[in-house]
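Please look over the sequence and the model shown here before reading on.

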Amino acid sequence: LLCLALFVGNSSAFAFRPTHNNVKVMPSPAHSSIASSSTSSLSMSSNPNGDDEDDGSGGVLSRFAAPRIDDIGLPIADALVAQVVAPSFQILAISLTRTPIPTWLRPGTDILFPTRGSLLAPTLIHGAGLASCWILGALAARAFESEAFDVTGGKGYGEPIARTLKAGAFATGCLILATQINLQNEFGGYVQFGYSDATDVRIAQALDEVLRDIFFEASILFGWRMYRASLTAERDEA
């Protein structure tokens, strides 16, 4: 419902378009000036920010259906950072701090002594889900457009930081929603704190894992995005 409301609010399908009939009326100069001022007022009110917000008439849905990607390699780089680099740093921190292993990192088979490389597949599978959340957030925030990583010409880092934070907020919402769906499928219905000791432990564990995923993904992806923007600044100085 929220996406539908945003689509209707930003879509140009309901924009006013005057029709032309066969009757020709010669307007007076006064009427022409009034009409031109009214037309300019309508064009300014249709987009108060003065920029092309959605780059088309598709509204918010066009960000996902027909996104503008100015750097074709940036989505691939983002996916690799979110799927491989960020989870690898999390595993390194877990091994250094001796914290409990998350459920997604446990080997798929119950063996007494895990062999070398047994944690690779669970890491890649979990990272793929995290990368999917980030890609959706980047599309929603239009983080693949040049304005999200181009700081040449004295533009500054304001727009790259803003779009990165927006993408992270959307990705966080996707991750929380996916975690809730996973818990609902695991217990066969809606659960919350207080149902039983088993559900309380599992919910607390899921909450801890989500918070750690958000911390590491946000830290690594934000640093990567700022580094990507700094490359354009170095190119501008050269």
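The sections below treat salt bridges, aromatic pairs and a nonpolar surface patch in turn.

## Basis of the report

The structure is a predicted model. The values given below are therefore computed from a prediction.

## Salt bridges between separate parts of the chain

Across the whole structure, eleven salt bridges are found. One of them joins the side chains of Glu147 and Arg68, with a distance of 3.2 Å from N to O. Glu147 belongs to the loop between helix 5 and helix 6 (158-187), while Arg68 belongs to the loop between helix 3 (62-65) and helix 4, so this contact ties together parts that lie 79 residues apart in sequence. Glu147 is partly exposed, at 34% relative accessibility, and Arg68 is likewise partly exposed, at 32%.

A salt bridge is also formed by the side chains of Arg228 and Asp71, at 2.8 Å from N to O. Because Arg228 is in helix 7 and Asp71 is in the loop between helix 3 and helix 4, the pair ties together parts that are 157 residues apart in sequence. Arg228 is buried, with a relative accessible area of 15%, whereas Asp71 is partly exposed, with a relative accessible area of 22%.

Glu186 is partly exposed, with a relative accessible area of 43%; Arg202 is buried, with a relative accessible area of 12%.

Salt bridges also connect residues into a network, whose members are Arg68, Asp70, Arg142, Glu145, Glu147, Glu159 and Arg163. Arg68 and Glu147, the pair described above, both belong to this network.

## Aromatic pairs

The structure contains three aromatic pairs. One of these is formed by Phe215 and Phe216, whose arrangement is edge-to-face, with 5.3 Å from centre to centre and 85° between the planes. Phe215 is exposed, at 53% relative accessibility, whereas Phe216 is buried, with a relative accessible area of 16%.

In the pair of Trp224 and Tyr227, the ring centres are 6.3 Å apart and the planes stand at 40°, so this pair is tilted. Both residues lie in helix 7 (residues 197-237), where Trp224 and Tyr227 are three residues apart, about one turn of the helix. Tyr227 is partly exposed, at 46% relative accessibility.

## A nonpolar patch on the surface

Which residues form the nonpolar patch on the surface? Its members are Ile76, Leu80, Val84, Val85, Phe89, Leu92, Leu96, Leu120 and Leu124, and together they have about 830 Å² of accessible area.

Helix 4 (74-97) and helix 5 (120-140) each contribute at least two residues to the nonpolar patch. Helix 4 provides the largest share, with seven residues. Leu96 is located in helix 4 and is exposed, with a relative accessible area of 65%.

Definitions and conventions:
Residues numbered from 1 in each chain as written. Predicted model: local features only at pLDDT ≥ 70, side-chain atom pairs only at ≥ 80, totals over all residues. Heavy atoms only, no water. Phe/Tyr/Trp six-rings, centres within 6.5 Å; stacked < 30°, edge-to-face > 60°. Buried < 20%, exposed > 50% of the residue type's maximum accessible area, 1.4 Å probe, protein only. Helix = DSSP H or I, 4+ residues; strand = E, 2+ residues; numbered from the N terminus. Patch = residues over 30% accessible without salt bridge, like charges linked within 9 Å, V, L, I, M, F, W, Y side chains within 5 Å. Areas by Shrake-Rupley, 256 points an atom, 1.4 Å probe, with all protein chains shown as cover. Salt bridge = Lys/Arg side-chain N within 4 Å of Asp/Glu carboxyl O.
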